[in-house]
Amino acid sequence: MKKVEVSSALNTIEKTVSRLFEFLTDEELWIRVGTGALKIFLILLICAIAVKVLKMAVHNAFKVRQKAPLRISERREMTLARLLDNVITYVLYFIALLMILDTFGVPVKALLAGAGVVGLAVGFGAQSLVKDIITGFFIIFEDQFAVGDYVRIGNFEGYVEEIGLRVTKIKSWTGEVHILPNGSITQVTNYSLHNSLAVVDVSIAYEEDIEAAEQAIRELLPQLPAKYEDMVAPPELLGVQNVTGPEVVLRIACETKPMHHIGVGRAIRKEVKMLLDERGIEIAYPRLVLHRRDGEEQSAAKPQREQSL
């Protein structure tokens, strides 16, 4: 009995090995596998080349438009170029996927017909995704903001890195990248559409001649635009902003290029401080006043810390 079972097992193993050998040595099988692998490789290669060529064509088209007399803004061109790059990549690789599935014998037409029905059903359950896409379309269509703009959206503030149909990426000045669904964007503050205004307050010691300080500053301000190209117009001395016990505050305003008001403000402070030192005009600083019991007043003008202009 045992001999019969062993013999039967050996015959089964022999048949299995024989079938496996025939399967592995089937020339038609390997021809089909090689042909399919070659087709997949060629599809991916052609798709990658097509993506690169189309992206180059899009960017070259925008470069040609830059020389045209009528053109859209540079920020909008950059946004549209990024968006078209994404659309080209998604569309071509989706077509490549369908061609690969067809290579494996998958009925692509039936799959697409079924995908339409499934997509309709998924659409009702993915309303937030549909909202993101619709909102992203209107952000780009209405040119609410573009790549490179400095914006504040909710609690996030920074430069726009990318605008897609579903999400927007904002990079803060400290390096963090915030990814926001377009459907959550309800209010946007765009700082890059118009020129900015630098406001600088200069504190002069109460005892100084304010008219002399104002005259010196007025002589300085027209010279600054030649040194700092981010100034759109010469700074303007608005006059006395505030008068307190130890100081008189003079205010200077200057129109600058968008989002350059911080750097221009620093430059104005530096130039005014150097001018006041040169003219011998004292800026305000903390003072300590001591009173003697005999009624004599002694003033110790020891600066605790020089205030920043």
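Trainee: Is E219 buried, exposed or partly exposed?

Mentor: In this predicted model, E219 counts as partly exposed, at 38% relative accessibility.

Trainee: And which side chain does E219 meet in a salt bridge?

Mentor: That would be R279, with 3.1 Å from N to O. The pair links distant parts of the chain: E219 sits in helix α6 and R279 in helix α7 (residues 261–279), 60 residues apart. R279 is partly exposed too, with a relative accessible area of 43%.

Trainee: Why would two such side chains pair up at all?

Mentor: As a general point, side chains of opposite charge can pair when their charged atoms come close.

Trainee: How many salt bridges are there?

Mentor: The count comes to 6. One of them joins E214 and R218, at 3.9 Å from N to O. Both residues lie in helix α6 (residues 210–220), 4 residues apart, which is about one turn of the helix.

Trainee: Let's switch to the nonpolar side. Which residues touch the most other members of the largest nonpolar core?

Mentor: I204, I217, L250, I252, I268 and V272 do, out of 24 residues in that core. Strands β6 and β8 and helices α6 and α7 each supply at least two of the core's residues.

Trainee: What is I268 in contact with, apart from its neighbours within four places in sequence?

Mentor: V200, L224, M231, P235, I252 and C254.

Trainee: And why do residues like these gather?

Mentor: In soluble globular proteins, nonpolar side chains tend to be buried together. Back in this model, there is also a second, separate core of 12 residues, with L83, F145, V151 and I163 among them.

Trainee: New topic: in what order do the strands of the open sheet run?

Mentor: The order is β4-β3-β2-β1-β5, so to read it across you pass 5 strands, and the pairing is antiparallel. At the edges are β4 (177–181) and β5 (188–190), each pairing on one side only. Neighbouring strands are turned by 40° against each other on average, direction ignored.

Trainee: How many bridges join β2 to β3?

Mentor: 4 bridges join strand β2 (residues 156–163) to β3, and the two run antiparallel. For example, Y159 has K171 in β3 as its bridge partner. The two strands form a hairpin with 3 residues between them.

Trainee: What about β3 and β4, how many bridges there?

Mentor: Strand β3 (residues 167–171) pairs with β4 over 5 bridges, again in the antiparallel sense. V167 stands opposite P181 in β4, and K169 has I179 as its bridge partner in that strand.

Trainee: Which residue in the turn between them has a positive phi?

Mentor: G175, with a phi of about 105°. β3 and β4 form a hairpin with 5 residues between them, and G175 lies in the turn.

Conventions. Residues are numbered from 1 along each chain as its sequence is written. This is a predicted model: local features need pLDDT of at least 70, side-chain atom pairs count only at pLDDT 80 or more; totals for chains, interfaces and linings use all residues. Side-chain values use heavy atoms; hydrogens and water are left out. A salt bridge is a side-chain nitrogen of Lys or Arg within 4 Å of a carboxyl oxygen of Asp or Glu. Buried means under 20% relative accessible area, exposed over 50%, partly exposed in between (1.4 Å probe, protein chains only). A nonpolar core is a set of buried Ala, Val, Leu, Ile, Met, Phe, Trp, Tyr and Cys residues joined through side-chain atoms within 4.5 Å. Contact means heavy atoms within 4.5 Å. Axes are lines fitted to C-alpha atoms, for helices over the stretch in contact, and angles run from 0 to 180 degrees between N-to-C directions.
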